[in-house]
Amino acid sequence: MRNLFYILFFFPAILFLNACQQKGSLTDRETNFNSGWKFIRADIPEAENPEFDDSAWRTLVLPHDFSMEDLPEKEGVKQIGPFSEESEGGISTGHVVGGTAWYRKHFTLDKTDEGKIIKILFDGVYMNTDVWLNGYHLGNHPYGYTAFSFDLTEKLRPVGEENVLAVQVKNEGQNSRWYSGSGIYRNVTLLKTNPVYVDLWGIFVRTKTVSPEMATIAVDVNLMNESSENKTVTLKMEFRDPDGKYVTHFEDEKELAAEQKYTFEQEFGLPDYRLWSIENPELYTLVVQLVDGKKVIDVVTETFGIRTIEFSAEKGFLLNGENVLLKGGCLHHDNGPLGSAAFDAAEFRRVKTMKENGFNAIRSAHNPPSKAFLDACDQLGVLVMDEAFDMWQVPKKPQDYHLYFDEWWEKDLESMVLRARNHPSVIIWSVGNEIKERADSSGLEIFKNLREKVLELDDTRPVTQAICGFWETPGRPWEDSEPAFAQMDVHGYNYQWQQYESDHEKFPERIIIGTESFPMEAFENWQMVEKHPYVIGDFVWTGMDYFGESGIGSSKPDDEDIPFLPPWPWFNAHCGDISVLGYKKPQMYFRDVVWRNSQLEILVHAPIPEGRKEIISNWGWPNEMKSWSWEGHEGTPLQVSVYTRCDEVRLELNGEVIGIRPVMEETKLTARFDVPYQPGELVAVVLKNGEEVARQVLKTAGKPVRLKITAERERVTASFNDLAYFNIEVLDENGLLVPHAEIPVEFTIDGVGTLQAVGNGNPTGMKSFQQPHVLTYRGKCQVIVRSSDQPGEISVAAKSQGLESGTARVDVNN
């Protein structure tokens, strides 16, 4: 390995450059392969045969998640939309159905492809995928979250003749603890290269030295010569700054023996460089060309960002030499009503939503994310803990990845690291989450092997795993985790903030990161981060809601006998700070105050029946709303919580002072009041040293009068991978949100778009996500429209009987 870690993982002279491979336009190296797939949700014999008649199958454009599709009616079986009581995953996967399905694609190469190496690259397929070309079995890929490729060259038919690619997907049994989705849910790319080419993920960029004037960049390029002849080629590299201006270049002749692979390393000086950071995610461009004589035979264009990272118990985490506290959220991979379909626009929106709500870091729980997701993190300035596995050899579900771990862990780690190692957003590798054998001899040996493999591929980032208490072996002491922690570079703690200070006393060199935490302990966890440099951040479970682990964040009255994970019709985990539609939930408002992004927030608890109390899951939050509209509960005392870092809160109702409460750390930044409900205006005023700092008002809403529909973007791209999001609100005559409105809304879509999904965020509101109608939940709903590849306009009208309709439009441009 080239750049060995210092003992405390201090890398002030190591910079990281993002590589997001783009299409090399001079050689048409990469072709989007998402369109024109035939699909059937069934296990069809001999569907791999190229002569098989698939004319009756549905034609679709990827990405695609068939577990989100409506199920046909089945006599005697309870089914709603994609949900079924026959779901093998049940509560864990949100009561959806997997199964076996087939995809087939017919394609023909043209004259310009003759003599080229042709490969197919899948960014992710869930799961246990088998691929055939023209009836020849190319291979199997079990893991549903890593990218993989197959070489098609030897099995292709001559130029001008039709080829058939067949893909069988098997999402069978109980194989996941959360909603996984099913099918080819990420992008597919056809790679076309000459026999001499830059290998897939074959460029690795890093910085050797840094000075105020210059960054010295080292670039490794892996070249392949698959021809039967020795070749002399010219390797050219050109750097461009974030504005697209030329910086420097290099070229040199390289001798390549036949049927061999070579790695070439070259250093560059980049003067007056601009750093990639959270606030200014500056991205450079590197263009790599291979030239044979006067002919360009390969082009790879990559974007990258320059930045330094340093981890130590004394200084914490430094980005570009400045201390950064990681305001983190764990995210599963689904996109709410879209299921797991990783549309570029949806992945970008999810990262953007997290950033806009104050998060600066995301943990990809518990698997590698899509390339589009990492690209978005690079572009928006969000840090990433990239995670590989949820289990090793010991299962958490009978048919999960443990069946394949021994054979596949090395290949899957290679895929994760090689694809992502040049993204500036990625700062930590995680190789496991709450692994059952983590502290046993077998687990210690496995982690050692995993870490060594990661560092063989990328020695510029620390390696961790997320460790929890021994929930699987009650009574086993926390101290038994010490051998596992001793192997790590940074140390992941799940739900263990109470251990931070005592562990630091025993292990002062330990760099602690809260890899999971409960929403209701946001204040305690953040206190630890702000107080101790050796605690570098906190990742809440979770940043956004997700499907599966149904109701893990639920609350209930104490007289209801509901299990830990509530049954049907719960399908949403409901533990996120942000809803699946992208709206703030109550705990996000509290976190805004904890993170000092807001001076105050006021929330009101829903009425609790007299004599009852609320039982809240560890991952839950009290049933609060940002609302003073509680018709039918006049005179009922309601609990009002005001969150602030100021000294005092004064609460007023309709101009009368209800009371004044002090706010201290001991009260967890909270002042609570019991207020008999009456309509009007509830006002919270926060004071510091007796002076008003801020105020917030909640007004009682009237009856629903109209629908307001708002497009999140003014224009989208004429691409099947772009989406237009439209948010609908139920408003009263004064334009106030009617927060308890649950009314049916119908949609009409015109123009160059098609309905992709509808949603409302209701964790128990089982329904179809594919029909043009939905009930509002807490006064809101959402419709997502997929763009076509033609320019024009998308118009969406929202209608509900008795209410004024709403219309919104989006331009679609090339």
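Start with two helices: select α3 (residues 405-420) and α4 (residues 441-457), whose axes come within 9 Å and cross at roughly 30 degrees. Helices here are DSSP runs of H or I with at least four residues, strands are E runs of at least two, and both are numbered from the N terminus. The axes are lines fitted to C-alpha atoms, for helices over the stretch in contact, with angles from 0 to 180 degrees between N-to-C directions.

Before you go further, note that this is a predicted model: local features need pLDDT of at least 70, side-chain atom pairs count only at pLDDT 80 or more, and totals for chains, interfaces and linings use all residues. Residues are numbered from 1 along each chain as its sequence is written, and side-chain values use heavy atoms, with hydrogens and water left out.

Now show side chains on the helix pair. From α3, pick Phe405, Trp409, Glu410, Leu413, Glu414, Val417 and Leu418; they meet Ile446, Asn449, Leu450, Lys453, Val454 and Leu457 of α4. Contact means heavy atoms within 4.5 Å. Colour by class and you get 9 nonpolar, 1 polar and 3 charged residues. (Nonpolar covers Ala, Val, Leu, Ile, Met, Phe, Trp, Tyr, Cys and Pro; charged covers Asp, Glu, Lys and Arg; the others, Gly among them, are polar.)

Rings of Phe, Tyr and Trp (its six-membered ring) pair if their centres lie within 6.5 Å; planes under 30 degrees apart are stacked, over 60 edge-to-face, and the rest tilted.

From Tyr126 and Tyr145, hop to Ser180, which contacts both, along with Asn171, His333 and Ser340, leaving aside neighbours within four places in sequence. Ser180 is in the loop between β12 (162-171) and β13 (188-193). Is Ser180 buried or exposed? It is buried, at a relative accessible area of 4%. The cut-offs are under 20% for buried, over 50% for exposed and partly exposed in between, using a 1.4 Å probe and protein chains only.

Back to rings. The whole structure has 43 aromatic pairs. Zoom in on Phe590 and Trp621: their ring centres are 5.5 Å apart and the planes are at 40 degrees, so the pair is tilted. Phe590 is in helix α8 (residues 586-594) and Trp621 is in the loop between β34 (614-616) and β35 (624-625), 31 residues apart. Both are buried.

Next, select Tyr589, where Lys584 lies over the ring face at 5.9 Å from the centre. Then try Tyr583: the charged end of Lys780 sits over that ring, 4.1 Å from its centre. The test here is NZ of Lys or CZ of Arg within 6 Å of the ring centre and within 35 degrees of the ring normal.

Last stop: the backbone. Most residues other than glycine have a negative phi, and most peptide bonds are trans.

For positive phi, select Asn134, near 55 degrees, in the loop between β9 (129-133) and β10 (136-141). Finish at Leu669, at about 60 degrees, which is buried at 4% relative accessibility.
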